[in-house]
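This note is meant for a colleague who is looking at the structure for the first time. Please keep the sequence and the model to hand while reading.

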Amino acid sequence: MELTFIKPFMFYFFASLTTGSALMVVIIRNPLYSAAMLVLTFFSLAGIYVLLNSEIIAVLQVFVYAGAIMVLVTFVIMLLNLRSGALINKPTHIIRSVVAVIFSFLLFICLISIFVSGNQVENAPKGVITAAAIESEGSFQLFSRALFSEYLLPFELVSLLLTVAVIGVVVLIRGISGAEENKQAKKGQGR
Amino acid sequence: MFHSFGPILMQLVLAIGFAGAIVALTAIIGPKKINPVKMDSYECGVDPFADARGAFHVKFFLVAVLFILFDVEAIFVIPWAGSFLAFKKAGLGLFIYLEMAFFMAILLAGYYYILKKGALKWE
Amino acid sequence: MTQFIYMFIFAVIYLLSIAVAAGFLTVVERRIAGRMQSRIGPNRVGPQGIVQWIADAVKALQKEDIIPTDAHSFLFKIAPYLVFMGVFLTLVPIPFGAYTLMENLDTGIFYVLAMASFVVIGVMMGGWASNNKWSLLGGMRSAAQMISYEVPAALAVFVVVVMAGTLNFQKIVFSQGASPVDWYVFRNPFAFIAFNIFFIAALAEGNRVPFDIPEAESELVSGYNTEYSGMRFLFFFLAEWGNLVVIGALVSTLFFGGWNFWFEYTLEFSVPGRYPIRFEVLGFLWFLFKVSIFVFIIIWIRWTLPRLRIDQLMDICWKYMVPIGLFASIGILLWMYFVPEKSLADTIMRYSMTSFGGLTILYFFYRVFQNLRVTKAKIYANPFV
């Protein structure tokens, strides 16, 4: 296609959009603004996936993260009724910040090591899923074939994980609303 | 595929550009008479009291979490449905059926648990 | 470069035609509502009031763009864009004809589901940013409702995907035939259940009556868009009526054979240029006809049914539609396994369901005309006054 020459520009555009908006998520003090920025981050990440020829991952990214996860995040922000900077102004425990620093440093080292060992990645065995394969069969078909044959066990485990999550949520919510009901009952007695 | 998403990007830019241009146009054409009463929030004629952004019931949160669970389920189940005919043609019909039956059984157990616990009761 | 220009022109035409359709539908809805309530409705601007929407748009254009002092101006400003974008981008992978489609996405169904989430985020942000009690309540309820009803919608879509074996809308249209016997609604009972669930869930996602709790005029003023005025309000409005087109197009593509016209689409036609242009036009008109029938039904429902309460709404979703959807999806799996296509049982089921559907519609018209004859309600039955 004629438009291929745009591709690098598109990559830099989306990459800078992703990093920029991700930075904004951290920097902005109003939690809902950073939630809006998070939507932008997910969206531009989807753009990068499209550039990598992985249509299905891009769409799923938007579907799950920009859709479901974002709704949850926004609900939580609204539920807790966080004012701007409410969390930031809270004094943090020293041990907690030390642990956080250590773990983020480790994560950073992991990322850096991937970039540094770029050579190794290039020499790694190439998979069957090449751009040509995607072009001829479609990323969706390849994705689902791999998911339901090679990665069968993780797929089945996901269902277990989801069920555990369901149970966890129900228990948590019942705890919260049970406490509320108790409070209300006590109030009623007081009157 | 890059070229198949080109039109979408274009449509996105156009839609936002179109909307933005029209809003900009109203900003030029429309009147700008600011007075404090007009800029107040609408509260049926009463002076707005307190901040509107109060705390919400935790049920909304429950709905959101359940939605995520079913959403994640959908991203596994719909690809299964899409590739099921292909698997059937390859003679793996029973295999792929059992796969899904197992998946569905566990999820149904979870759903039954929610119903039983009355978590979906909306008072 | 020429390709780029074609793409651009096509995108512009697409955007404008959807905007015009949405605007036009607002007038149509008001006219139908008027006639259903024995009023006249807007009939002054243009013949039968068909250019009323232009007058409305011009009026809204001259209005002041009010952003309340207490509102978060950034979120308040971007919310209408998000909603508008969510609705308009949804139509991209839906085919209006063999070639009349924006983009033939292989992941079309996921794409549509993904775009629906932008509407949710936009509504929620708009409601929250307004700093108005009605807006916030409306936004929260709306978001809770939309996400809840996405679950049964996804289950109904699952049934279609099982039968079609693809997520590509164009291929879904191809795998159904032209005649009603081949449409997915009449293929088997489970698909019929799925169609009903999908249609109801789509109504709820579009915030239409009987699921218009977010905009319940008598309780919440106007819901999440209370504080909006002028053009920004109009974008919420356009998105709502654009959504009617989206629902109609989705339902007719997934369950009613899409644009597929009265003859089989053979492989010979799949070479571009071999497909005669008149077939393309006929298919397009046929599709529009189906879409307008569904749009009419949605409007009809709006002016017929009362509104639900929020607990009833949530109960209907989680306790009725989700289990029924699960039942339909398990049923379709068994059906597909035990009843191979073109077997005797399959054929009998198709023909009996189609004839049952046809007879129901005929009986409906029989009742309507019978009623008209008995009550002699000539004046009220006239759509053009």
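The numbered points below go through the chains, the contact between two of them, selected helices and the core.

1. Basis of the note. The model is predicted, so local features are given only at pLDDT of at least 70 and side-chain atom pairs only at pLDDT 80 or more, while totals for chains, interfaces and linings use all residues. Residues are numbered from 1 along each chain as its sequence is written, and chains are lettered from A and ligands numbered from 1 in the order in which they are written.

2. Chain A. Eight helices and zero strands are found in chain A, where helices (H or I, at least four residues) and strands (E, at least two) are DSSP runs numbered from the N terminus. Of the 191 residues in chain A, 24% are buried. A residue counts as buried if 20 or more other C-beta atoms lie within 10 Å of its own, as exposed if 12 or fewer do, and as partly exposed in between, with C-beta atoms placed from the backbone. Among the contacts in chain A with a separation of 6 or more, 52% join residues 24 or more positions apart; a contact requires C-beta atoms, placed from the backbone, within 7 Å.

3. Chain B. The secondary structure of chain B consists of three helices and zero strands. Its 123 residues include 33% that count as buried.

4. Where chain A meets chain C. Here 21 residues of chain A are in contact with 21 residues of chain C. On the chain A side, the elements giving two or more residues are α2 (31-51), α3 (55-80) and α7 (139-150). The most comes from α3(A), with 12 residues. By type, this side of chain A holds 15 nonpolar, four polar and two charged residues. In this count Ala, Val, Leu, Ile, Met, Phe, Trp, Tyr, Cys and Pro are nonpolar, Asp, Glu, Lys and Arg are charged, and the others, Gly among them, are polar.

5. Helix α9(C). This helix covers residues 230-254 of chain C, and its 25 residues should span 36 Å; the end C-alpha atoms are 36 Å apart, in agreement. Of these 25 residues, 24 are buried, and α9(C) is thus mostly covered.

6. Chain C is divided into domain 1 (1-62), domain 2 (65-338) and domain 3 (341-385), with bounds from an automatic or database domain assignment. The C-alpha centres of domain 1 and domain 3 of chain C lie 30 Å apart. The largest nonpolar core has 188 residues, and those with the most contacts inside it are Phe158(C), Val159(C), Ala194(C) and Phe198(C). Such a core is a set of buried Ala, Val, Leu, Ile, Met, Phe, Trp, Tyr and Cys residues joined through C-beta atoms within 7 Å. The most is given by α5(C), with 22 residues. Because domain 1 and domain 2 of chain C both give residues to this core, it lies between them.

7. Asn131(C). This residue sits in the loop between α4 (108-129) and α5 (133-164) of chain C. Is Asn131(C) buried or exposed? Asn131(C) is buried, because 20 other C-beta atoms lie within 10 Å.

Definitions and conventions:
Two residues are in contact if their C-beta atoms, placed from the backbone, lie within 7 Å. The expected span of a helix is 1.5 Å times one less than its number of residues.
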